[in-house]
Amino acid sequence: MFDATVGGPADRAEVSRIARAQRGDVDAFAELYAAYAGRVHALCLRLTGNGAAARELTQDVFVKAWEALPAFRGEASVTTWLHRIAVNSLLMQRRADARRSMRVSLADDDEAAGMAGEGTSAPVDVATAIDLERAVAALPPGVRRAFVLHDVEGYSHEEIADMTGLAPGTLRAQLHRARQLLTKAMSQ
Amino acid sequence: MTDQRTIEQRLADLVAALPRDVAPPDDLWVEVARRLAPRRAGAPPVREHSGRWRLGRFPAAAAVIVAVAIGSSAVTVMVMRQQQGRTAAAPPAQAVSLPVASTLPARFASLERDFARSVTYHQRVLDQRRDSLAPSTVATVERSLRVADSAIAEARAALARDPGNRTIAAIFASNYERKIDLLRRASELAPRT
């Protein structure tokens, strides 16, 4: 059962919510949902680049979180834990999609290379340089994932490697590619 | 090169300014709640459709469901009658029957939303199991739920007329809790496989 060291009243309330949800209290889980759904949905939107897919992924994240909650020990923050679930869910979806479409290679580099043309061929409306979200959404999936987790969410290379299984070199290459594509889009 | 640095800096600034929260669609929680499998303390998550649900194997639990519903209604009726008695004894100016407000004061409306969320969850779990239930079980549960709904509606109407009445407010909340308890107990009737 979750037994984190806690500080102020807000932390204690959080611990209490988690403990109750671990015991099966749906109302407590609803409170956790209310507290974290925005963060999770934002990540899902950026990871998928698609509203409908983000909705589905957000839903999956919380259902899986409910199932995994009894094992949650508070070793990471709830946000990080939920984000990890989101990334894992997305990777599983992608792998399932890849299997369905009979793709041979699932390597990130291959995925990024294969999708690069698709991602950059779409016209990105950044004339005002404001619609960064749209530009991020147009990135190839593997590149987008690296960019969102590192540059937007602020995870370290090690944390991302832990979440995604990406090799450091691959991650660096994807981040470089993402910034390159985004700066190119912004300069147009 | 300078332009490139400017663009990169601008990109970094834009990224830093991106919102960390993007609210999901309002109805997403309902979809999540529908998919949550009930679990018991200390036990691994229990999948829905884990077995057939037969009232005959759990007569005591079924009796509790009926008792909860009847108890809920009885308390409501008793207090409402007391309220009506007080109203009748009040001066004519205060005895004017106010139209039942369609909405509750904000603090109760918020409370009701919270209750409704729990009801929705437990109701959906029950609905998903409906096909595997014995008809007599379905009838018993539905009858009990109608009684519970009636008690809630009575308390709600009374509260809308008299939002300052703490007794009615407590009964209103209690009736919702009883309905949720009823739904929860009904779900727990599912046999272990």
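Two residues are in contact here if their C-beta atoms, placed from the backbone, lie within 7 Å. By that rule, the contact between the chains takes 28 residues from chain A and 29 residues from chain B. Keep in mind that this is a predicted model, where local features need pLDDT of at least 70, side-chain atom pairs count only at pLDDT 80 or more, and totals for chains, interfaces and linings use all residues. As for labels, residues are numbered from 1 along each chain as its sequence is written, while chains are lettered from A and ligands numbered from 1 in the order in which they are written.

Let's start with chain A. Its secondary structure comes to nine helices and zero strands, where helices (H or I, at least four residues) and strands (E, at least two) are DSSP runs, numbered from the N terminus. Of its 188 residues, 38% count as buried, that is, with 20 or more other C-beta atoms within 10 Å of their own, again placed from the backbone (exposed is 12 or fewer, partly exposed in between). If you take the contacts in chain A between residues at least 6 apart in sequence, 56% join residues at least 24 apart.

Chain B has seven helices and zero strands. Here 25% of the 193 residues count as buried. Among contacts in chain B with a separation of 6 or more, residues 24 or more positions apart account for 83%.

Now back to where the chains meet. The contact draws 28 residues from chain A and 29 residues from chain B. On the side of chain A that touches chain B, helix H2 (26–48), helix H3 (51–68), helix H7 (141–152) and helix H9 (168–187) of chain A each supply at least two residues. H2(A) gives the most to that side, with 10 residues. Sorted by class, the side has 14 nonpolar, seven polar and seven charged residues; Ala, Val, Leu, Ile, Met, Phe, Trp, Tyr, Cys and Pro count as nonpolar, Asp, Glu, Lys and Arg as charged, and the others, Gly among them, as polar.

H7(A) also has a partner inside its own chain. The axes of H7(A) and helix H8 (residues 157–164) of chain A come within 10 Å and cross at roughly 135°, with axes being lines fitted to C-alpha atoms over the stretch in contact and angles running from 0 to 180 degrees between N-to-C directions. That makes H7(A) oblique to H8(A), because angles under 35 degrees count as roughly parallel, over 145 as roughly antiparallel, 65 to 115 as roughly perpendicular and the rest as oblique. A:Arg145, A:Ala146, A:Leu149 and A:His150 of H7(A) make the contact with A:Ile160, A:Met163 and A:Thr164 of H8(A). These residues divide into four nonpolar, two polar and one charged.
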